[in-house]
Amino acid sequence: MTETLLGDRYIVGPLLGRGGMAEVRRGRDIRLEREVAIKRLRPDLAGDDIFQARFRREAQASAGLNHPNIVSVYDTGEQFDQASGLNIPYIVMELVIGHTLRDILRDGRRIPPQRSLELVTSVLNALDYSHRHGIIHRDIKPANIMVTQSGQVKVMDFGIARAVSDTAGSMTQTAAVIGTPQYLSPEQIRGEPVDRRADIYATGCLLYELLTGRPPFQGEEPVSLAYQHVRELPQPPSTLNPAITPAMDAIVLKSLEKDPANRYQTAKEMADDISRLLTGQTVTATLTAITPSPGEADPTQVLPTAITPGAQPLAAEDEPTEEDEAAARKRKILIAVIASLAAVVAIVAGILIWWFMREPAPPVVTTVEVPYVQGMTETTALSTIEEAGLTTETIHQNGANDDTVGKVTHQEPSAKAQAEKGSRVRIWVNDGPQKGTIPLGLIGLDRASAEEALKAAGFTKYKIDPAPLQSYPYQSTYVADHIIDCDPAPGNTAAVDTVIQLYYDSGNGILPNVASFDQYRATQELTKAGFLNLTWQEQQSTSPAGTVVAMDPASGSMIARNAPVTVWLATPPVAPSTSSEPSRSASASAPSASTASVPG
């Protein structure tokens with residue numbers, strides 16, 4: 001299959017995934033020699049201005065964010081598609097190898113509560129960063145959260161993200177709410193202005209699903225889901241998973257408050273509360289019922305008692321009978337029994353509430369010593385850290401020191417520090433100098449274009465000199481002032497600070513020695529050397545007739561190949577006359593042959 005090349009630098013590879021708006025394929029950046037992910041708008045949607053704007057908004061929103069928990073965007077562009085006849089926009093992103101939370105949940109794998117909280121903390125860290133940079137994600141859901149092979153969380157797909165300044169208006173377009181129904185906040189569903197607290201609500205839905213295996217609200221139809229988000233209260237997660245503690249319930253339910261004012265107000269506030277929970281501290285969230293949004297009716301109401309139709313009220317003047325008094329005594333006894341039972345129920349309920357609300361015992365934290373891994377190869381360092389009971393996050397960087405290529409140059413925490421068992425150690429690995437690929441089309445370019453091509457490929461050092469004539473004899477393909485050779489050769493990979501040597505044709509040549517050559521052979525030699533502007537003259541000489549006896553400029557001269565060159569060919573010399581003043585009759589009668597044959 002023919003490979004597609006985007007932007008003259010990205011080779012498009014196999015399909016990684018497909019969504020409602022775009023498809024993502026694996027790719028390779030041939031300029032920087034790295035694997036990338038390429039996201040392209042579907043051709044059938046490329047003619048729709050709304051989808052075009054949404055796709056460009058994703059590129060703009062993501063490109064300005066640089067955070068370890070957000071998928072990096074490297075480049076954007078458009079390329080003409082022959083099949084559709086349209087320009088298809090694309091985004092070049094960091095290639096993340098791993099699985100989405102949606103894939104993990106669909107596999108039926110139960111994620112332990114502590115790991116679920118750690119994953120959501122990373123999501124909240126990414127949202128805190130994006131919110132502080134004025135970007136609301138608006139579509140947090142398991143499918144948009146990637147977990148790498150090393151366990152790092154990456155938030156992706158800012159396809160419907162919107163700058164905070166743009167959210168003053170309604171979030172609906174053509175009467176359709178933007179987002180995924182299972183994770184929409186009540187204010188999004190009602191088409192009200194939203195802020196970062198909508199992302200808090202969606203993150204609460206995500207945490208609920210990680211803890212219980214299902215979203216807080218379920219339904220076949222979007223209308224049913226929307227109604228539940230706005231009007232109904234979610235079950236506490238602990239009713240679905242007995243491993244959930246009251247403190248976890250409190251954090252989840254606070255993030256799912258119908259009224260944004262009652263939720264966590266920032267992603268950092270929620271992340272801090274989770275951190276308190278994980279370290280055995282008291283969380284700020286309290287376990288209370290979620291209240292409906294302002295202006296909404298309570299989910300349940302006690303209706304006033306109605307008079308049964310046809311019942312007859314007692315007249316004020318009627319006197320009670322003995323039967324009435326007996327019935328009244330029975331009612332008093334029944335009321336006393338009910339009151340006693342109610343008191344018992346209240347006491348039991350109080351005990352149960354105290355039991356579930358009590359503070360959990362602080363967890364036992366096991367610490368281990370961080371090993372020294374600087375100077376090790378990445379593989380050895382990973383194995384050493386794993387043996388110590390810790391996890392690893394590897395950060396690759398370019399460095400000029402060749403002695404440390406492929407080795408760890410820095411680590412955090414430092415060696416011999418105490419760290420909680422299972423916690424993360426960051427290591428930095430030197431990938432060596434940043435490299436680039438020398439452009440293939442350099443040969444034949446003029447000097448200015450060749451210089452621009454090298455700059456575009458990332459090379460910062462280069463020399464452009466005329467080619468030495470002794471080493472580069474003229475060839476018919478040479479064009480004056482155009483590149484004829486490159487060292488290292490085009491197509492090779494080299495460090496971007498490597499000095500690239502370019503040679504161009506100066507347009508000059510060295511006149512070959514064609515003395516004694518006949519005109520045909522002399523023409524061949526001069527033309528082969530690039531000299532075409534030739535003038536031929538005759539000169540009397542004792543040399544064989546028709547052979548070269550002189551040339552101007554002289555052979556061995558270095559001149560412009562388009563300069564004029566005059567070549568003299570030998571003609572026989574004219575014989576001298578036998579007398580200085582021959583008589584007219586003698587001259588007329590003397591044979592011409594005898595004149596040239598008289599010996600001197």
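Predicted model: local features only at pLDDT ≥ 70, side-chain atom pairs only at ≥ 80, totals over all residues.

Biologist: In which order do the strands of the open sheet lie?

Modeller: The order is E7-E9-E10, three strands with antiparallel pairing. Strand E7 (98-100) and strand E10 (153-155) are the edge strands, each pairing on one side only. Between neighbouring strands of this sheet the average turn is 25°, direction ignored.

Biologist: How many bridges join E7 and E9?

Modeller: Three bridges, in the antiparallel sense, with E9 spanning residues 145-148. Gly98 has Thr148 in E9 as its bridge partner.

Biologist: Which strands does helix H3 touch?

Modeller: Helix H3 (residues 113-132) packs on the sheet and touches E9 and E10; its direction makes about 40° with that of E10.

Biologist: At what angle do H3 and H5 pack?

Modeller: The angle is about 165°, and the axes are 10 Å apart, with helix H5 covering residues 196-212. An angle over 145 degrees counts as roughly antiparallel, so H3 is roughly antiparallel to H5. The crossing of H3 past H5 is right-handed. Residues making the contact include Leu117, Val120 and Leu124 of H3 and Thr203, Leu206 and Leu210 of H5.

Biologist: How many disulfides are there?

Modeller: A disulfide is a covalent bond between the sulfur atoms of two cysteines. With a cut-off of 2.5 Å between the sulfur atoms, the count comes to zero disulfides.

Biologist: Is Cys205 buried or exposed?

Modeller: Buried means under 20% relative accessible area. Cys205 therefore counts as buried at 0% relative accessibility, and Cys486 also counts as buried, at 5%.

Note on methods:
Residues numbered from 1 in each chain as written. Heavy atoms only, no water. Pairing = 2+ DSSP bridges. Helix = DSSP H or I, 4+ residues; strand = E, 2+ residues; numbered from the N terminus. Axes fitted to C-alpha atoms, helices over the stretch in contact; angles between N-to-C directions. Contact = heavy atoms within 4.5 Å. Buried < 20%, exposed > 50% of the residue type's maximum accessible area, 1.4 Å probe, protein only. Parallel < 35°, antiparallel > 145°, perpendicular 65-115°, else oblique. Left-handed = near helix turned anticlockwise from the far one by under 90°.
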